[in-house]
Amino acid sequence: MATFLYKLGRLAFRRRHFAALIWVVLLTLAGVGAASAPAAGSSSFSIPGTEAQKAFDLLEQRYPGMSADGATARVVFKAPEGEKMADAANKAIVEKTVAELGDGSEVASVSDPYTTRAVSRDGTIAYASVTYKVPAMELKDSSREALETTAHKAQDAGLTVEMGGDALQAEPETAVAGEIIGLAIAAVVLVITLGSLVAAGLPLLTAIIGVGIGVSTITALANALDLGDTTSTLALMIGLAVGIDYALFIVSRYRSELAEGREREDAVGRAVGTAGSAVVFAGLTVVIALAGLAVVNVPMLTKMGLAAAGTVVIAVLIALTMIPALLGYAGRKVRPAGEKGGLLGRRKGKGSANASANASAEGPANGSAGEHTEGAGSTEGAVASKPSLGTRWASFVVRRPVAVLLLGVVGLGAVALPATRLELGLPDDGSQPTSTTQRRAYDLLSEGFGPGFNGPLMVVVDAEDSASPKEAATAVTDEIKGLKDVVTVTPATFNKAGDTAMITVIPESKPSSTQTEDLVHAIRDAGAGVAADTDAKVLVTGATAMNIDFSQKLTDALIPYLALVVGLAFLLLIVIFRSILVPLKAALGFLLSVLAALGAVVAVFQWGWLAGLIGVEETGPIMSMMPIFMVGVVFGLAMDYEVFLVTRMREAYVHGENPHQAVVTGFKYSARVVAAAAAIMMAVFAGFIGSGESMIKMIGFGLAIAVFFDAFVVRMAIVPAVLALLGEKAWWLPKWLDRALPNVDVEGEGLRAHDDAARTSAEDDEDKPLVRV
């Protein structure tokens with residue numbers, strides 16, 4: 001692979017105009033497609049195989065006219081201080097509002113709070129329910145605007161009016177400012193790491209182009225493939241982070257090759273052949289982890305994973321082709337490692353002087369093949385005189401591996417302890433910021449009717465096989481009334497055929513509480529007994545039941561998903577490192593870092609520790625997809641750092657260094673860049689903490705803290721400590737397996753053979769006698 005990528009890098013360097021043009025054309029096409037595509041609404045949500053989904057599908061079949069999947073909205077009214085909703089003036093405003101709400105062409109029905117008894121006991125709060133004929137994602141903007149305009153009229157008339165429901169597209173505060181700050185921090189880190197503005201700008205430019213192509217493609221396909229806003233947000237988050245990191249590794253290796261005295265075209269080829277090989281396999285681990293989300297069999301999660309995986313593929317391809325092209329354009333503006341540009345000042349000392357002399361002797365920069373480049377002496381004197389921080393740290397770890405290992409494992413274990421109290425759920429309007437009308441409507445309904453009113457349960461009685469459907473429905477109603485945590489049970493409503501009944505149950509607790517979850521399970525248990533007596537099937541659905549089933553489905557899928565992803569990546573790492581213990585250590589280290597990250601998420605978002613610092617307004621259960629999502633994303637990113645750091649150690653080992661010295665050498669060449677890459681990724685993820693959407697805020701925080709734990713504790717401390725303790729055993733591989741595995745040559749051994757062959761050929765040419773004709 002190294003040889004193939006070496007040739008690809010040199011080709012992109014020589015044909016830089018063509019390589020750059022391809023990506024500009026792709027970006028243009030994706031942008032045009034996104035601009036001309038129809039706008040996508042809220043993504044539909046389905047959970048195949050769950051009881052809640054089966055009940056929902058049954059309702060659509062047995063109640064064809066009720067628009068079971070239609071969008072809904074609640075308009076909540078509150079009387080002024082000292083007044084009641086039954087007062088003549090307030091009642092007239094509400095009745096006028098109800099009439100106007102029913103005028104829309106997409107409106108199926110509007111309930112009058114005075115005829116449906118939707119007025120609170122104290123008479124100060126009332127609500128009207130609006131049902132639409134089409135799902136929320138198909139609702140026209142004109143219908144949403146009419147809903148908002150009508151509500152605002154009632155508010156102007158003197159009532160407090162708020163709205164909730166899926167008919168409203170939530171408009172959370174965006175995290176644009178946070179994203180800009182994250183990119184600014186990334187730019188600063190790149191300048192410090194690469195030593196010049198030009199070199200630092202290349203990873204940013206290619207990452208933005210890659211994300212632009214990925215997100216624009218998602219936007220163009222959003223309506224056709226039913227992709228929600230969260231899909232593009234995740235793709236932006238992951239694509240930007242890995243795009244910068246992958247380009248950074250190749251640019252950094254290119255500067256190292258220049259410092260060894262190679263010509264620019266050869267340096268590009270070697271950078272792509274070595275660091276590019278690591279980029280390919282690191283990208284593969286991320287793609288495996290994200291695409292593996294499909295095994296959960298939740299369409300929304302599958303689409304999110306595949307879209308993000310596609311963006312990662314684009315980031316890898318851009319790093320392998322566009323970075324070499326841009327390095328060709330940059331010429332001598334990208335300097336060898338250890339030498340800084342004029343804007344930032346040059347490193348003092350003999351090495352810098354040599355570099356300056358060499359650079360000035362080269363003549364005008366054209367970036368073409370065959371030019372002379374800086375010699376090895378440009379950095380060797382300066383670098384050799386003072387070991388880098390990475391070298392000093394690695395030497396310390398090699399001398400004290402047991403102490404470092406214990407400190408790292410115990411520290412992460414302590415942070416992971418809150419994860420033992422993890423409570424899962426899905427965010428509802430109650431987790432929205434208080435600045436949104438959805439959250440204020442949620443709070444008003446809780447105030448007037450109780451917290452459980454925001455999450456009513458719908459019990460469906462399928463009495464098609466029952467001898468007496470009415471008796472079966474009555475038996476179900478009586479059973480539910482006798483359960484704990486039940487406030488209201490409505491009379492059964494039958495369909496036209498009389499074989500299916502709907503019963504609405506209002507819990508006493510809020511939708512995301514464990515009490516409500518227990519109630520759902522209790523109803524299902526009671527329904528099993530009724531079914532045995534009456535041959536009627538009892539199913540529980542509704543948004544709350546959907547969320548509970550979703551959480552359970554994700555929990556059940558976590559272990560199989562973990563086994564699949566870690567298993568595939570384990571095999572891939574065996575091929576890369578030609579070792580069994582190194583991949584095993586990588587997987588165990590990942591589990592430690594992801595558990596610690598989950599512990600931090602629980603402490604902040606569930607317990608409220610430091611919640612005010614990052615703007616968490618409402619604590620509660622952790623988003624149910626967070627554990628499996630973090631396993632997928634963090635595993636891929638963790639393997640990135642494992643591949644980049646340990647391949648450099650293995651490279652030193654296979655080139656003859658002893659195991660301890662190979663650890664130090666790997667850190668010497670890669671620790672600074674890996675630390676910079678982690679800092680960049682943390683900055684990008686942390687930028688999303690400023691989002692007003694609780695789910696995005698939680699994802700941003702969780703990924704940022706996970707990268708910190710994995711990069712700086714696991715990969716920078718635990719990994720070298722374990723390798724130091726294992727010594728030669730770390731690179732042990734059974735001979736039969738060694739023969740069976742393909743040789744992918746991540747270390748660039750094929751390039752060394754290529755050099756030897758070229759050198760031998762040159763010597764043979766010199767030894768040939770000169771023949772005169």
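User: Where does D485 lie?

Analyst: D485 lies in the loop between α16 (469-481) and β7 (486-489). The names of these elements come from DSSP runs, numbered from the N terminus, in which a helix is a run of H or I with at least four residues and a strand is a run of E with at least two. This is a predicted model, in which local features need pLDDT of at least 70, side-chain atom pairs count only at pLDDT 80 or more, and totals for chains, interfaces and linings use all residues. Residues are numbered from 1 along each chain as its sequence is written, and side-chain values use heavy atoms, with hydrogens and water left out.

User: Why is D485 called buried?

Analyst: A residue counts as buried if its relative accessible area is under 20%, as exposed if it is over 50%, and as partly exposed in between (with a 1.4 Å probe and protein chains only). D485 has a relative accessible area of 12%, and is therefore buried.

User: Why is N297 called partly exposed, and why is I559 called exposed?

Analyst: The relative accessibility of N297 is 42%, so N297 falls in the partly exposed class. I559, which lies in helix α18 (residues 543-577), has a relative accessibility of 58% and therefore counts as exposed.

User: What makes the span of helix α4 close to the expected one?

Analyst: The expected span of a helix is 1.5 Å times one less than its number of residues. Helix α4 (residues 88-101) has 14 residues, for which 20 Å is expected, and the reach from its first C-alpha to its last is 20 Å.

User: How do you know which side of α4 holds its buried residues?

Analyst: The buried residues of α4 are N90, I93, V94, T97, V98 and L101. They cover an arc of only 135 degrees around the axis, and therefore lie on the same side of α4; the arc is that of the directions from the helix axis to the C-beta atoms. A88, A89 and K96, on the other side of α4, are exposed. The cover over the buried residues of α4 includes β1 (72-78), β2 (107-110), β3 (125-132) and α5 (141-156).

User: What makes β2 and β4 edge strands?

Analyst: Two strands pair if DSSP finds at least two bridges between them, and here four strands form an open sheet in the order β2-β3-β1-β4, with antiparallel pairing. β2 and β4 (160-164) each have a single partner strand, so one side of each has no neighbour in the sheet. From one strand to the next, the twist averages 20 degrees.

User: How do you know that β1 and β4 pair?

Analyst: β1 and β4 share five bridges, in the antiparallel sense, which meets the pairing rule. V75, for instance, has M163 in β4 as its bridge partner.

User: What makes β10 mostly covered?

Analyst: Of the five residues of strand β10 (residues 537-541), four are buried. Strand β6 (residues 457-462) pairs with β10 in the antiparallel sense over five bridges, and V540 in β10 is the bridge partner of V459.

User: Why is a set of residues called a nonpolar core?

Analyst: The term is used for a set of buried Ala, Val, Leu, Ile, Met, Phe, Trp, Tyr and Cys residues joined through side-chain atoms within 4.5 Å. The largest such core has 186 residues, and Y246 and F685 are those with the most contacts inside it. Helix α22 (residues 694-726) gives the largest share of this core, 19 residues. Apart from it lies another core of 26 residues, including I93, V94, A126 and L168.

User: Which residues are in contact with Y246, leaving aside its neighbours within four places in sequence?

Analyst: Contact means heavy atoms within 4.5 Å, and the residues that Y246 touches include V279, V286, V312, D640 and F644.

User: How many of the 773 residues in the chain are buried, as a percentage?

Analyst: Buried residues make up 54% of the chain, which has 24 helices and eleven strands.

How values were computed: Axes fitted to C-alpha atoms, helices over the stretch in contact; angles between N-to-C directions.
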